[in-house]
Amino acid sequence: MTDAKTRIKRRVMITLAVLPIIIAGFVLAGVFLGLYVNEAWGLGNSALMPIVFSLAGFFVSLIISYAAAKRAATI
């Protein structure tokens, strides 16, 4: 294997190891932000806001993950 292919393979492996952490972080941040908004607006025990914000965090993490994977696969 050439040096460039080895470098790309290493970058892809590191990216694949980090992407689940990024996704989980954004989803959990969305849940906590949703709980905070729920408390601030006085909605009681409604699960609507945590679900909405966690989905928003998931979609943001997908966009970031796509950009990171695309960047890691190129030199």
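Modeller: Accessible areas here come from the Shrake-Rupley method with a 1.4 Å probe, and for residues only the protein chains shown count as cover. By that method the protein exposes about 5,600 Å², with carbon and sulfur atoms supplying 75% of it. This is a predicted model, where local features need pLDDT of at least 70 and side-chain atom pairs count only at pLDDT 80 or more, while totals for chains, interfaces and linings use all residues. Residues are numbered from 1 along each chain as its sequence is written, and side-chain values use heavy atoms, with hydrogens and water left out.

Biologist: Why is Leu62 called partly exposed?

Modeller: Leu62 has 37% relative accessibility; buried means under 20%, exposed over 50%, and partly exposed lies in between (1.4 Å probe, protein chains only). So Leu62 counts as partly exposed.

Biologist: Which residues of α2 are buried, and what do they pack against?

Modeller: In α2, they are Met49, Pro50, Ser54, Gly57, Ser61, Ser65 and Ala72. These buried residues pack against α1 (3-41), a contact being heavy atoms within 4.5 Å. Across the protein, buried residues make up 17% of the 75 residues.

Biologist: How does the span of α2 relate to the expected value?

Modeller: The expected span is 1.5 Å times one less than the number of residues. With 25 residues, α2 reaches 36 Å from its first C-alpha to its last, close to the 36 Å expected.

Biologist: How does the radius of gyration of the protein stand against that of a compact globule?

Modeller: The radius is taken over C-alpha atoms, and the globule rule is 2.2 Å times the number of residues to the power 0.38. A compact globule of 75 residues would be near 11 Å, but the protein has 17 Å. Its C-alpha atoms fill a box of roughly 60 × 15 × 15 Å along the principal axes.

Key: Helix = DSSP H or I, 4+ residues; strand = E, 2+ residues; numbered from the N terminus.
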